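Please open the model in a viewer and keep the selection tool at hand.

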Amino acid sequence: MKILLVEDDKELADTTRWILEKNKIVVDVAESLLLAKAAILDHEYSVVLLDRRLPDGEGTELIHYAKQHGVETRFLVISAVGDLGSRVEGLDLGADDYLVKPYEVDELLARIRAVERRPLQEGDRVYELGNVRFNRDTRNFRICGETLVFSRREMLVLESLISGAGRVVARESLQAHVYGYDEEVKPNAVEAHVSRLRKTLATQNSGVKIHTIRGVGYMLKESN
Amino acid sequence: MLRKVRMLPQSIAGQLALLSLIFAVLALVYLAFPFWSYLSDGDPLDRTISFAEISIVRAALADSPESDLARRLSESVEIAEIAAANSGFRYFVDRNDEQAQFGGDPRWQGAIDFSHPSLSSEGLQDSTDCQSSAWWRANYDEDGVPVVIGYQSCGVDSTYYEFAGITTPIDSATRFLDRRNLEIIWNESQETLAGMVGIALIGFIVIWATTRSLRRLIDVAESFDEESSEHILPTDGLPREIIPLVRAMNRMMRRIDAANKKQAFFLATAAHEMRTPMAILRNRLERLPESQDKEDLRNDIRRITGLLEQLLQLIGISETERFEDTVDLVTAAKAVVMDRVPLAVEKGVEIEFVPNVETAPVLGNQRLLQVAISNLIDNAISFSDSGDTLTVRVDEGPRITVIDEGPGIAEDVIDTVFEPFVKNPPNRHGHGLGLAIVKAVVNLHKGGVSVTNNVRGGTNISLQF
């Protein structure tokens, strides 16, 4: 795995690079927005670790730049601003994840791996979580290599949950994904699908679990 | 230094009233003193005789052309009092050949030739000024009873009098606290007292006008809070004597404002800039071989990081601007719940979100409200065990409540949980700032906090807006 670290503080860049390299990750460092722009055009990176405050501008500008130039990569924004609003803003700007400085090393590595597993927009659209593997193009679910057959609705629920794995998927957005906006939905229809899906995942050795957050939505997460 | 004058009333009006009163009493004493010293001196009978003489002369010389001499004398209260006390009392007065008598005929009239040169050498020559013209008077003894004879002449105006038979002193002449004496003192002092009351009144009006302008100043000062950008008191309409005080206070407040601004900037920058070195420190630690020390150091960094985070939150509260936006507590709380779920699930804690209202609008700052809700939820998660359920409710009010199934809070410390650096139990992880931040945010929104223990265990913490 090769990643680009965009960080203007030399000490922080050096120590982070050391940690990542120790974990078998190849790291390039860009100290400014300008260098980072040149780097993503010249090289292919699985993940870009992006500081928001750079000497020559706002780090998230790089996300916009990458989209404009058709560069396919994933952005993990590392910011010194930790409040909920900034995190949401960062994700809205196209970041794949958001981490606040100073972070736990384990968390950084886990986030990098999680982000890296995300399919690129145009690449092979395969999600992996626990023992579950989902190919978005063929809509094929496999658990430990075995193909599973779900109803269409259940498949849509799982698709929605696995693409937002580790985060809460609001009930409304799940319903919208499964039914479309103009379809008439029976009350508790989504709950029924989730319930059946949960049973299936529990009986198979899926390694994932659907958590219900009453009043909010659902979250798919690797079970420990 | 100011304590020395504590014996005076604290209010200016009170001081004015007290000092005016003291001065009035002193003035009365001053005016009454001659009376007292005169009346308390010498033989009472002598004083009664003097008193009678003064009364008779006063009645005789009174300038009231309508009434005749006899009438003036008989209407004199003083003379009547003397006559009542002395059965042998008699008088005779001759003023410019108008005569009046009481108690008997004169015995001495004509016995003395007032035109005799031996008498005129004492100053009985004709004078036109009756106020300063000389008197002739004599005391004789009439078989053991004193008789007084007097003569005065000024130009065409001459007066002769004689009286006798006074053997008993009367009260008016001897007692200071006699009603008539007091009346005289009162009449004498009325003008002085009226002047004093007038001056005191002016004093009160000045004080009232001054305190009214000061009260306006107080109103302006009361309207200041920490968020006001400029703490300047107006000097318009203030008395000239007060303006230097207000200017000095304004200078003082400007200095304080500047210091506060500097401090806020310093804290914000310092805390913010600390994030990078902290991250470097955390990274560097990874180079050490695994050991208990390394794990301890990791925990130390975690604690410092947490403290840093909370300090930044606190700074954010004091920096905030005026509230103009309406925040929907339901939406805000839901976003926070979604954000905190992964942390809770990691610990095996379930979160329920129960919005009992469609919307819960609060005039405020969304970022700060979310910090407060987030801290409440994190606090509840930290007290929960795996398998517990944590409930976030939004109710009418609007009110948001976070209910956990943890051990609850001991009743003796339940009132202190919102104070900074209070931890229960004290050896717990964390900095004791989380709930202090919640309180600060709620105070900023003019809301209230309440903590109750659940009957079935666990704690409810409510924020009421």
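Buried means under 20% relative accessible area, exposed over 50%, and partly exposed in between, with a 1.4 Å probe and protein chains only. This is a predicted model, in which local features need pLDDT of at least 70, side-chain atom pairs count only at pLDDT 80 or more, and totals for chains, interfaces and linings use all residues. Residues are numbered from 1 along each chain as its sequence is written, chains are lettered from A and ligands numbered from 1 in the order in which they are written, and side-chain values use heavy atoms, with hydrogens and water left out.

**First stop: a serine in a loop**

Select Ser32(A), in the loop between strand S2 (26-30) and helix H2 (33-42) of chain A; helices (H or I, at least four residues) and strands (E, at least two) are DSSP runs numbered from the N terminus. Ser32(A) counts as buried because its relative accessibility is 13%. A polar atom of the Ser32(A) side chain lies 3.3 Å from the backbone nitrogen of Leu35(A). Leaving out residues up to four places away in sequence, Ser32(A) touches Val6(A) and Asp56(A), where contact means heavy atoms within 4.5 Å.

**Second stop: the interface of chains A and B**

Next, display both sides of the contact, 33 residues from chain A and 33 residues from chain B. The area buried between the chains is about 3100 Å², and carbon and sulfur atoms give 58% of it; buried area is the accessible area (1.4 Å probe) that two parts lose on being put together, summed over both. Highlight Leu84(A), Pro102(A) and Arg214(A), which supply 19% of the area that chain A buries against chain B, more than any other three residues.

The rule finds 6 salt bridges across this interface, each a side-chain nitrogen of Lys or Arg within 4 Å of a carboxyl oxygen of Asp or Glu. To view a salt bridge, select Lys334(B) and Glu172(A), whose side chains meet at 2.8 Å, N to O. Then colour H1(A), the source of the largest share of the side of chain A that touches chain B, with 7 residues.

**Third stop: the nonpolar cores**

A nonpolar core is a set of buried Ala, Val, Leu, Ile, Met, Phe, Trp, Tyr and Cys residues joined through side-chain atoms within 4.5 Å. The largest has 51 residues, and those with the most contacts inside it include Val337(B), Ile377(B) and Val392(B). Centre on Val337(B): beyond its neighbours within four places in sequence, its contacts include Ile213(A), Val216(A) and Phe353(B). Apart from this core lies another, of 27 residues, among them Ile143(A), Leu148(A), Leu156(A) and Leu197(A).

How values were computed: A polar contact is a pair of N or O atoms within 3.5 Å; within protein, one must be able to donate a hydrogen and the other to accept it, and residues adjacent in sequence count only if both atoms are side-chain atoms.
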